[in-house]
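Reader: I've got a new model open and I'd like to learn how to read it. Can you walk me through it?

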Amino acid sequence: MSWNRIIGQERVLRLLRSTFEHDRLPHAFLFHGPPGTGKDAVAIELARTLNCLAGTWEACGACPSCRQMDTLQHPNLDLVFPLPPGKNEEKQHDPYEKLTEAVIREIRDEIAAKGKDPYHPIEIRRASVIKINSIRNIKRKAAMRVGQHQRHVVIICGAEKMKADAANSLLKTLEEPNAGQLIILTTPAPDALLPTIISRCQVVRFDPIPEPEIARALVERELCDEDTAGALARLAEGSFRKALEYTDPEVRSRRSLVVEFMRAVYAGNSTGIMKELDPIVSSRDRQEAIRFLQALEDWFHDVIAIREGREDRIRHFDNREAVTKFAQLFASIPCEDALQEIEKTIEYVTGNVHLTLALVNLAHKLHRRLQPPP
Ligand SMILES: [Zn+2]
């Protein structure tokens with residue numbers, strides 16, 4: 001397991017390899033490009049190479065260092081990402097010190113998931129900002145580096161999520177680089193970074209991944225068959241993460257829920273509608289409600305795609321039959337109006353409107369739209 005885990009990005013890998021083989025690694029890299037193109041994944045593989053005891057570009061995959069990298073539990077690797085604020089936390093605290101057991105467990109699970117698949121985005125609930133504590137920690141970690149020839153690698157995932165205090169602290173670190181440490185910033189939005197930070201990094205651009213490479217990776221990982229892989233690669237628009245999301249069992253079951261929901265809406269059966277909405281309503285998870293509503297939007301986008309003869313754009317690819325039948329049955333319903341209703345409901349749910357009320361209200365409005373004109 002090494003560079004072959006990376007999908008596409010040959011140009012980037014050639015550049016990094018040459019930098020490595022000529023011993024010209026900078027103190028800091030900035031990897032930028034659209035989400036899901038492998039910025040974090042490449043950063044992780046680079047950390048593996050720089051710490052493998054074989055000392056070659058292709059990490060051996062078997063030495064103790066490589067094995068620690070597999071789980072991202074290597075003392076020379078530090079992943080920085082948004083964390084929720086801890087109770088009574090102050091700047092000098094370790095970023096994890098004041099977090100609850102439950103949050104620590106969530107973080108551990110997320111890191112394990114990223115270890116298994118470096119394209120997995122680390123997302124911790126109630127976390128949107130990279131804390132200054134995490135940045136201040138970088139210097140201390142440099143001193144804890146193990147192995148004289150190895151490098152301590154810090155990957156700042158989503159560097160645009162640093163606020164001014166964290167960014168200024170990072171700038172200081174970049175101005176006085178720590179020996180034996182490599183900092184890699186990854187971001188889809190380099191414009192959100194301080195120009196002074198960018199100027200101290202070697203900048204590497206990641207391009208969208210070509211469709212055939214995404215399709216091949218999906219098949220190789222046995223995530224779907226070849227036909228589906230082709231369809232997903234088109235929908236993914238250069239992002240392997242997006243392709244993965246389509247194959248995620250949770251996302252699949254959300255799409256099935258949309259089908260059942262639309263059946264209940266069509267029947268105008270309140271009990272049926274409530275039954276389908278129950279998993280969302282009883283979890284009281286507004287984020288989940290929004291994801292459901294987005295999948296519902298996809299449904300109507302699919303109907304539009306079918307009407308325009310662009311079947312290859314169907315996002316409910318696993319419910320192709322159901323959505324096609326729906327499009328035929330309701331050849332004249334105005335999808336744009338339905339999409340507007342859903343969009344409004346997303347706004348309500350994002351605000352503080354009663355969740356059940358907002359969703360049931362939407363169901364009734366959609367039901368009326370499905371009725372033939374009098
Ligand atoms: Zn190794």
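This is a predicted model: local features need pLDDT of at least 70, side-chain atom pairs count only at pLDDT 80 or more; totals for chains, interfaces and linings use all residues.

Reader: Okay, into which domains is the protein chain divided?

Author: There are three stretches: domain 1 covers 3-207, domain 2 covers 209-247 and domain 3 covers 248-370. Let's look at domain 1 and domain 2, whose C-alpha centres are 26 Å apart.

Reader: How many residues of domain 1 and domain 2 are in contact?

Author: On the domain 1 side there are 12, and they touch 10 residues of domain 2. About 930 Å² is buried between these two domains, with carbon and sulfur atoms giving 54% of that area. Which residues matter for the domain 1 share? Ile7, Gly36 and Tyr119 supply 51% of the area that domain 1 buries there, more than any other three residues.

Reader: And what about the polar side of things?

Author: Count 1 salt bridge between domain 1 and domain 2, plus 6 residue pairs in polar contact. As for salt bridges, arginine 221 forms one with aspartate 117, with 3.3 Å between the closest N and O atoms.

Reader: Now the metal: which residues are the protein donors of the zinc ion?

Author: Cys52, Cys60, Cys63 and Cys66, each through SG, lying 2.3 Å from the zinc ion. Along the chain, the donors follow the spacing C-x7-C-x2-C-x2-C.

Reader: Why is the arrangement around the zinc ion called tetrahedral?

Author: Start with the ideal: four tetrahedral donors have angles of 109.5 degrees at a metal. Here the 4 donor atoms subtend angles of 102 to 118° around the zinc ion, so the arrangement is tetrahedral.

How values were computed. Residues are numbered from 1 along each chain as its sequence is written. Side-chain values use heavy atoms; hydrogens and water are left out. Domain bounds come from an automatic or database domain assignment. Contact means heavy atoms within 4.5 Å. Buried area is the accessible area (1.4 Å probe) that two parts lose on being put together, summed over both. A salt bridge is a side-chain nitrogen of Lys or Arg within 4 Å of a carboxyl oxygen of Asp or Glu. A polar contact is a pair of N or O atoms within 3.5 Å; within protein, one must be able to donate a hydrogen and the other to accept it, and residues adjacent in sequence count only if both atoms are side-chain atoms. Donors are N, O and S atoms within 2.8 Å of the metal (3.2 Å for Na, K and Ca); water is not among the atoms, so sites may look incomplete. Four donors count as tetrahedral if all angles lie between 85 and 135 degrees; four count as square planar and six as octahedral if opposite donors are over 155 degrees apart and all others between 65 and 115; anything else is irregular.
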